[in-house]
Structure formats: structure tokens, C-alpha cells
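User: Please take a close look at a single part of this model, the nonpolar core, and then relate the rest to that part.
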Amino acid sequence: QVLAWGLRGLHGGVRAPSLEVQCGGRTLRTPTITNLATNPNFPINAFLLMLHLPAEEEYVPPIRLRVLDTRDFGYRPEVGQACVRGLGQYCCQPHGKGQPPSPGTPLPSPGGHRNGATSHWGHPCHLSPPHPPPHQAAEKKDEEDEDEDEEDWWSKFYAAMGDKTKSRRRTSRDRLKIYSCELEAVPEFGGLQDFCQTFPLYQPGGHPAAGEDPVPVGEFKVGESPHGEPQGRRRGTPGCTARWVFQGLFHIYPLPEDPGVPPPPRHFQELPPSQPQKCLVRVYIIRAFDLPPRDRNGLCDPYIRVSLGTKTLGQRDQYVPNTLEPVFGRLFEVTGTIPLEKDLRVTLLDYDLLPPDQEIGTTTIDLENRLLSRFRAHCGLPTIYRTTGPGCWRDQLPPSQTLEHFARARGLSAPEFNAEGTEVTFGDQTFLLSHFESGPPGHRHAEAPRERLALHVLHACHLVPEHLETRTLYNSTQPGLEQGKVQMWVDIFPASLGPPGPPVDITPRKPQRYELRCVVWNTRDVDLRDINLVGQRMSDIYVTGWLDGLEEQKQRTDVHYRSLQGDGGFNWRFVFSFEYLAAEQLCVLPRKEHFWSLDETVLKVPPKLILQVWDNDKFSADDFLGVLELELTRLPRPAQQPQHCTPTPQGTPQNPWPWRGVQTPSRFSLFRQRRARGWWPCTVQEGGKQRLSGKLELSLELLTAKEAEERPAGKGRDDPNMYPTLPAPVRPEWSFLWLQAPLRSLHYSIWQQHRCRISLGLALLLLLALLLVFVYAAPGYLAMKLVNPLQSLHLASGERH
């Protein structure tokens with residue numbers, strides 16, 4: 001039996017070709033294709049050729065294929081030929097009575113795996129047990145806590161890549177399969193040529209010249225019954241080297257010797273429509289890697305161009321600058337008629353300031369093979385059926401109708417569901433929903449049991465799952481050399497099946513702008529590095545702060561002068577604006593590597609606040625007193641009192657209410673809590689160890705760009721001084737400068753420590769002064785007492801009278 005599907009790629013003015021199949025002295029001629037431009041398929045596809053062949057395989061003659069064109073006056077020139085040898089590999093057993101005429105891939109077994117099992121069609125059945133229940137008891141709690149609306153397609157992608165930091169998914173129920181090769185190269189799908197195969201047609205007239213490869217003039221597509229049995233290689237004309245390897249195309253089986261016994265049922269009874277189909281093609285380009293450098297800086301600026309037939313999509317200004325591993329996240333939708341437009345080309349080009357741009361590499365996808373393959377390669381099967389929310393069903397038919405379509409394509413009876421939809425009979429086997437799910441679905445957007453059960457059965461039939469394929473790029477200027485790889489997938493939706501579901505949103509994650517407000521209130525126990533005029537240790541304290549990677553936003557407080565105990569008061573606000581990618585928990589920092597660079601390079605770093613305490617010096621470099629680094633996604637819980645602030649946070653902080661049995665986690669995310677206030681320790685590195693060098697009282701507040709606009713706040717204590725209002729700090733009077741208040745500075749720097757000695761000294765000075773006055777005045781006083789001039793004066797006046 002032969003399934004002659006059609007001819008592809010004929011050139012040279014071929015008008016109305018037909019095919020001749022010659023083997024064992026018999027010739028089979030197909031009807032003529034009247035118009036290659038409108039339908040390159042044969043009007044009749046399945047043929048039966050009765051042959052007498054020897055039992056020994058080595059004596060079996062080859063099958064010769066000849067393509068003949070129809071010209072004027074009955075002239076039929078030969079335009080292409082091919083030869084198939086080793087027909088023993090195409091031998092199979094005929095169908096038995098009561099068996100389906102065209103079975104496809106093996107059906108699943110509801111009872112589990114049976115090693116070495118053989119199907120009733122005479123071919124090995126690769127039976128597998130149902131998929132493990134995705135709703136295990138251990139995952140139920142996580143699924144209940146998980147907010148599905150926060151998930152996106154990229155979370156599923158990074159979870160499949162094994163990057164848990166970017167996926168942020170606690171369960172793996174919605175899975176994505178990532179293939180490290182092309183979908184055609186996956187062994188379990190047989191090159192996606194289980195229905196249609198390709199033969200190269202070589203020009204007639206002998207062998208090619210020595211050292212030259214034969215030039216095919218077209219392709220002859222033939223098909224096989226979808227048994228999936230091992231097939232042989234495709235071969236060309238004698239002496240010509242086949243350039244590809246193919247599976248078998250023909251089915252050879254013995255007929256009963258008794259003429260009274262009816263012949264077995266034929267293959268190829270359930271065939272897809274041979275008329276061209278108008279299809280919607282969605283091309284999802286995720287990323288590329290291992291690209292060769294094209295620019296002088298060792299990088300390139302790649303962009304995508306997708307072409308199908310005469311349609312080309314992709315704009316050169318949508319390039320990713322300065323990278324060899326671009327992340328595109330682009331969706332292209334294009335309509336085409338298959339097989340007239342079957343070759344999809346995806347090309348990566350390097351953007352140059354002045355065109356033309358350089359081609360990096362191209363990959364070509366045969367859409368017809370994917371559309372006709374019984375592995376259902378035109379649209380991968382998701383793990384979960386959902387009509388709302390993230391991961392919405394994108395196919396044209398729901399799972400139950402898809403299962404009916406799957407059965408009809410294989411000549412099987414339609415599946416029969418019970419009233420509740422928890423049991424289905426399919427292919428003489430019964431499946432229960434309890435075989436696949438151990439309990440009620442844990443996700444929010446669960447659909448009816450009928451659809452969930454149908455989807456489980458489809459997955460057990462070894463069809464193409466929701467996937468991502470990795471395709472190799474090649475350049476015609478360097479044939480055979482890989483030019484990088486691109487990860488992508490393609491969905492094909494025939495218009496005859498109705499409109500498809502919404503496309504998958506693979507837009508790259510966009511960062512959100514946040515504003516961090518950090519208020520430095522006080523310091524305690526800061527190291528004292530200076531010595532004043534009277535020998536006291538002190539420090540002139542100030543604090544600087546910035547976000548890691550944003551050093552240009554560095555800010556500093558004013559100076560708290562002459563702190564004698566390491567205490568400082570600031571009431572100073574830092575304001576930092578940054579872009580944050582919540583799904584990856586990273587800050588996005590676009591910057592230019594050089595001032596002459598035309599495009600910015602994106603750098604991603606964890607959100608980290610860095611605060612440093614310094615001692616201000618006038619005539620020398622400032623002294624470093626300590627540093628505090630706070631990662632905003634894993635913020636250590638602050639102490640409420642400075643005496644409880646330690647450089648190494650305890651694993652389990654003290655519970656202020658032990659009778660409640662509640663343990664507070666030692667770390668939290670500021671992006672969830674939004675506000676925090678308390679004491680954090682500053683440390684300094686000495687001798688390979690960290691030492692506590694001070695304590696900072698901070699309040700941290702995280703706002704979105706909209707919230708920051710609604711609640712403005714200035715830096716430091718500038719206007720608008722709100723949210724919260726920061727008063728001027730109450731600092732000791734001795735902390736002022738000498739030039740501003742010299743007497744006050746002397747009062748607090750000398751009197752506070754030496755007032756007893758000063759008082760005693762003043763008392764002694766006063767006593768000494770009194771003593772000196774006494775010594776000075778005593779001689780005159782004694783002389784006056786001895787002479788007594790007043791008495792002499794009185795006596796003299798009396799004598800006169």
C-alpha cells in the first residue's frame with residue numbers, strides 16, 4: 001500500500017505532474033495534479049499494488065519512483081526520479097478482524113505499566129502509567145497559599161529551567177517541557193513524519209559528476225499508516241548519496257493464499273483533508289543564546305524577522321542592544337495556506353546604524369509536518385485546563401472535543417463519558433479521574449471533571465506537551481557551522497476548527513519604579529576616633545547612604561559635632577528612586593558602558609541599601625566608623641531597643657508573648673511589609689572578623705511611583721517635610737562649633753569634667769588673695785595703732801582752747 005500525498009518544490013515549468021510507482025514488474029500511476037499553484041496534493045492518496053515478492057529480503061526488488069509531467073500533444077517527460085531499497089523494513093502485519101483500521105500512537109493503560117507488552121495490532125506498545133497526581137497532599141498547603149494571579153509565563157519558564165530565584169513558584173503542577181533540540185529531533189516523536197515523509201527527486205539522466213552532490217528538483221511527499229513501527233532509510237537514485245534519513249513510507253503485508261478468504265482491511269482509511277488549509281500561525285520567540293559576535297565590542301544587536309510565503313514580519317528598530325544572549329519575548333501572528341506556504345523561516349539579524357544589516361542565522365520549520373502529525377504537534381497540550389486566569393487554554397477545541405477528534409483520526413470509536421464526567425471509555429479501556437487526581441484540584445481556575453479527565457487521557461497518549469524547543473541557527477555564507485540557538489515554539493490553528501483561544505503573554509517582565517525613604521534618626525555607641533583639646537575622645541559623626549549599583553544617588557546627613565559617647569541625632573531623610581523587577585527580585589539598572597555608546601546595557605543586581613558612618617575631619621581624610629548593608633528582600637528584623645541590637649541576629653528572636661507560641665521570622669521582605677523601624681548594628685572588619693562599631697536607628701518605607709507622587713517628601717529636612725515631619729534634632733550644646741559659641745563650648749568641654757577642681761582652685765585663689773591683702777595692709781594698720789594720730793590731734797586741739 002502507498003499513500004501518495006503530494007509534490008513539493010517542483011520547478012522548471014512543471015505543469016500537471018503525476019507519479020509512477022514501479023516494483024516487481026508492476027506499475028502504479030497516480031492521477032494528475034491539475035494545478036500545483038492551488039493544490040500540490042494528489043486528488044487520490046491511497047493506492048493498493050498487488051505484487052509477488054520473494055520471501056528473502058535481500059532478493060526483494062527496489063521501488064522506483066518517477067514523476068512525469070503532462071505537456072502538449074500527449075508528451076509526458078520525466079522530471080524527477082527516486083529509488084527506495086531495503087523494503088523488508090516496511091513489512092508489517094495486516095489488520096485483523098474487529099480491529100481499528102488506522103491506529104495511531106499507543107493508547108494508555110489505566111492499570112499502569114506493563115513491561116514488554118504488545119498491542120493487539122502486533123507492534124510494541126510503549127505503555128506508561130498515568131501521570132503522577134499533580135495534587136499531592138504535601139503540595140496542598142502550598143497551593144492554597146500561592147497567589148496564582150501573580151504568576152506569569154516566565155515563572156513557568158524559569159521553573160522548567162531550574163532557576164527557583166526567578167520562578168518564585170512553590171509547586172510544579174503547571175509544567176513546561178523544554179527540549180534541548182528541535183521538536184523534529186525529539187526521538188519519541190519520530191521526526192514528526194509519522195504521517196508524511198519526504199523523498200528527494202533527482203533529475204533523470206544518470207549520476208552526478210564526481211565530487212558533486214545530486215541536486216534535487218523537488219520533493220515527493222508520501223505517507224504511512226500511523227503504526228510507528230521502525231522504518232528504513234530514504235534513498236535516491238543508484239549511486240547518489242541521500243542527504244537526509246527518513247522513516248519508511250510503504251506498507252507491505254501478505255495476503256491470504258486462499259482466494260475465498262476476504263482480504264484484510266486496508267490502511268490509510270482515516271486521512272486528513274488533502275485540500276489546502278488556511279491556518280493562523282503564532283510564532284513565539286523567547287530568547288537566543290550562543291550568538292556569534294558581529295560588532296567591534298564583541299557583541300551584537302539582534303532582532304527577529306519571521307517570513308511565511310510572501311509575508312514578512314519583524315522591524316529592525318525592535319532590536320536588543322549589546323548582547324549575545326538576547327531575551328525577546330515576542331509573538332508574531334501570520335496567516336498562511338498549508339501546504340502552499342509551509343516553510344516558516346525565523347531569521348536573526350544584527351542591527352547596524354547604516355543598513356544593510358548582517359544576517360546572524362536562520363532556521364526553517366515545516367508547518368505541514370506539524371499539522372499532519374498524529375502526535376498533535378500543531379499545539380502543545382498544557383498540563384491544566386483553565387478558561388480564565390493565567391495559563392488560559394489557547395487551543396481551538398476543549399480537551400473533550402480534542403479527544404474525540406483524536407479518536408476519529410485513528411479510526412476509533414468516540415470516547416464515552418459518564419454523567420459526572422469522572423469516567424470515560426476510550427479505545428476499549430476505561431479511565432477514572434481518580435487514576436490521575438488523588439483529591440480535589442488545588443488551583444483556583446479548575447474546570448469541569450469531564451475536561452480534566454479528557455486532558456489527562458490525552459497526556460497519557462504521548463502527544464506533544466506544552467513545550468519550548470531549541471533550534472539551531474545556520475547561515476548560508478557559513479554552511480554547516482552553528483550560529484547560535486533560539487528557543488521558541490509554534491502554534492498552528494486551522495481555520496476550519498474555529499477561532500483559537502487568547503495567545504500566551506510572553507512579554508518580558510517590565511520593572512516597576514519604587515521609592516525608598518530611609519530616615520536616619522539616631523546613632524548609639526559609635527566608635528570615637530578623635531581627641532579634643534582637653535584629651536577627651538570624641539567623633540564628628542555623619543552618615544552616608546546609597547543603593548547598590550546606584551552610587552550616583554549617594555546622599556549624606558549633616559554632621560553631629562563633638563559626640564563624646566558615640567550618640568548622634570540627625571532626623572535626616574534619604575530618598576532613593578529605583579526600578580525593581582518583582583518576579584526576579586532584582587533591581588534593573590540601565591546604563592551606558594561608554595559615553596559614546598548609542599544604547600544602554602541593562603544590569604540586574606539585588607536591592608541592597610548601604611549605610612556608612614563616618615567621622616568628619618577638617619584637615620585630613622574622614623575616618624570610616626562602620627557600615628550597615630540591608631538587602632531589602634531579606635531584611636533582618638530590627639531591635640526595638642538599642643541595648644538589644646547585636647551584630648549577628650539570633651536564629652529565633654525572642655518572643656515577647658511566649659504564651660501565644662508565635663515565633664517571628666528573623667528576616668522579612670520590605671516589598672511585602674513596606675515599613676520597618678528599629679535599631680540595626682553597624683560593623684567594621686578587623687582581623688578577619690566583624691566587630692560591632694555602632695548602632696543606627698532607622699525607619700524604612702517603600703512606596704510605588706504612584707504612592708510617592710501622592711505623598712511627596714523632600715530629602716533631608718527640605719520641603720515638603722512630610723510623611724513624617726522631621727524636626728531639627730535636639731543636640732547637646734557642646735556639639736556646636738567653637739567659632740559659633742566659644743564660651744559655651746568651653747563650658748561643656750572643661751567645666752563638665754573639671755568643675756570640682758576649678759571650684760577648689762577658685763577658693764584657694766580667693767584665700768590667697770585675702771592673705772596677700774592682709775599681708776599688704778597689716779604693717780600700715782599696726783603703725784596706725786601704735787602712733788594713733790587721731791588722739792594726738794585731739795590733745796593738740798584741746799591745749800589751744
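Analyst: The largest nonpolar core has 36 residues, and those with the most contacts inside it are Leu 516, Phe 578, Leu 609, Leu 670, Leu 696 and Leu 698. A nonpolar core here is a set of buried Ala, Val, Leu, Ile, Met, Phe, Trp, Tyr and Cys residues joined through side-chain atoms within 4.5 Å; buried means under 20% relative accessible area, exposed over 50%, and partly exposed in between, with a 1.4 Å probe and protein chains only. Strand β26 (residues 568–581) gives the most to this core, with six residues. Helices (H or I, at least four residues) and strands (E, at least two) are DSSP runs numbered from the N terminus. The model is predicted: local features need pLDDT of at least 70, side-chain atom pairs count only at pLDDT 80 or more, and totals for chains, interfaces and linings use all residues. Residues are numbered from 1 along each chain as its sequence is written, and side-chain values use heavy atoms, with hydrogens and water left out.

Leu 696 touches, among others, Val 520, Val 543, Leu 611, Trp 679, Trp 680 and Cys 682, leaving aside residues up to four places away in sequence; contact means heavy atoms within 4.5 Å. A second, separate core of 27 residues includes Leu 10, Leu 49, Ile 63 and Leu 65.

Elsewhere, helix α2 (residues 153–161) has Trp 153, Trp 154, Ser 155, Lys 156, Phe 157 and Tyr 158 as its buried residues. Their cover includes α3 (164–167), β10 (277–289) and β20 (478–494). Just after α2, Gly 162 takes a positive phi of about 85 degrees.

Leu 771 lies in helix α9 (residues 742–787) and is partly exposed, with a relative accessible area of 48%.
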